[in-house]
Amino acid sequence: MGNNEAIILYIEDNFHNRRLVRKILNANGYTVHEAEDGPSGLRMVYELHPSLVLLDISLPLMDGIEIVGRIKADPKLREIPVVAVTASAMVGDRERFLAAGCDDYLSKPVRANDLMEKVRGYLPSGAAKRL
Ligand code: MN
């Protein structure tokens, strides 16, 4: 992986969602790192200092609300954009995620165009590897 490649981290416990997002990102020239539960996801945020975090909210062991809270409470991490990716469709959920510190929100099922619009909006141009 080259130095100028964006590091995207997707924290998601559902294999099918991970596979879908990986497929979309790879097709657009991005690589994605993946974590399957809250604690390992948070650990990878510290280790990788990603350019963008895609965050499921309902996660084993530590939920996305707590993860984004910890990221945004840390001066070394708080600049990292965090996009909630969740099927949660209850009234007020979007506001709850944003209030918890998420920079943005993307609803499941993930659609390629919506995902890439968010990704391109948060990553510097040219960050994707040219295919
Ligand atoms: Mn989940």
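This is a predicted model: local features need pLDDT of at least 70, side-chain atom pairs count only at pLDDT 80 or more; totals for chains, interfaces and linings use all residues.
Residues are numbered from 1 along each chain as its sequence is written, and side-chain values use heavy atoms, without hydrogens and water. Local features need pLDDT of at least 70 and side-chain atom pairs count only at pLDDT 80 or more, while totals for chains, interfaces and linings use all residues.

Me: What pattern does the protein chain follow along the sequence?
Reply: The secondary structure comes to five helices and five strands. Here helices (H or I, at least four residues) and strands (E, at least two) are DSSP runs, numbered from the N terminus. Read along the sequence, the pattern of the protein chain is β-α-β-α-β-α-β-α-β-α.

Me: What is the radius of gyration of the protein chain?
Reply: The C-alpha trace spans about 40 × 30 × 25 Å along its principal axes. The radius of gyration is taken over C-alpha atoms, and the globule rule is 2.2 Å times the number of residues to the power 0.38. For 131 residues that rule gives 14 Å, and the chain is close to this value, so it is as compact as a globular protein of that length, with a radius of gyration of 14 Å.

Me: Which percentage of the 131 residues is buried?
Reply: Buried means under 20% relative accessible area, exposed over 50%, and partly exposed in between (1.4 Å probe, protein chains only). Among contacts in the chain with a separation of 6 or more, 63% are between residues 24 or more positions apart, where contact means heavy atoms within 4.5 Å. The buried share of the residues is 46%.

Me: Which residues coordinate the manganese ion?
Reply: Donors are N, O and S atoms within 2.8 Å of the metal (3.2 Å for Na, K and Ca); water is not among the atoms, so sites may look incomplete. The donors of the manganese ion are spaced as D-x42-D-x1-S along the chain. At 2.0 to 2.2 Å, the ion is coordinated by D13 (OD), D56 (OD) and S58 (O).

Me: Is D56 buried or exposed?
Reply: D56 is placed in the loop between β3 and α3. Leaving aside neighbours within four places in sequence, its contacts are I11, E12, D13, G64, V85, T86 and K108. With a relative accessible area of 3%, D56 is buried.

Me: Why do the buried residues of α3 lie on the same side of the helix?
Reply: In helix α3 (residues 64-73), the buried residues are G64, I67, V68, I71 and K72. They lie on the same side because they cover an arc around the axis, that of the directions from the helix axis to the C-beta atoms, of only 125 degrees.

Me: Which residue caps the N-terminal end of α3?
Reply: The cover of the buried residues of α3 includes β1 (8-11), α2 (38-48), β3 (52-55) and β4 (82-86). At the N-terminal end, a side-chain oxygen lies 3.2 Å from the backbone nitrogen of I65. The residue that provides this cap is D63.

Me: Against which elements do the buried residues of α2 pack?
Reply: In α2, the buried residues are G38, S40, G41, L42, M44 and V45. They pack against β1, β2, β3 and α3.

Me: What phi does L61 take?
Reply: Most residues other than glycine have a negative phi. H49, in the loop between α2 and β3, has a positive phi of about 40 degrees although it is not a glycine. L61 is placed in the loop between β3 and α3 and counts as exposed at 76% relative accessibility. L61 is not a glycine either, and its phi is positive, about 75 degrees.

Terms used. A polar contact is a pair of N or O atoms within 3.5 Å; within protein, one must be able to donate a hydrogen and the other to accept it, and residues adjacent in sequence count only if both atoms are side-chain atoms.
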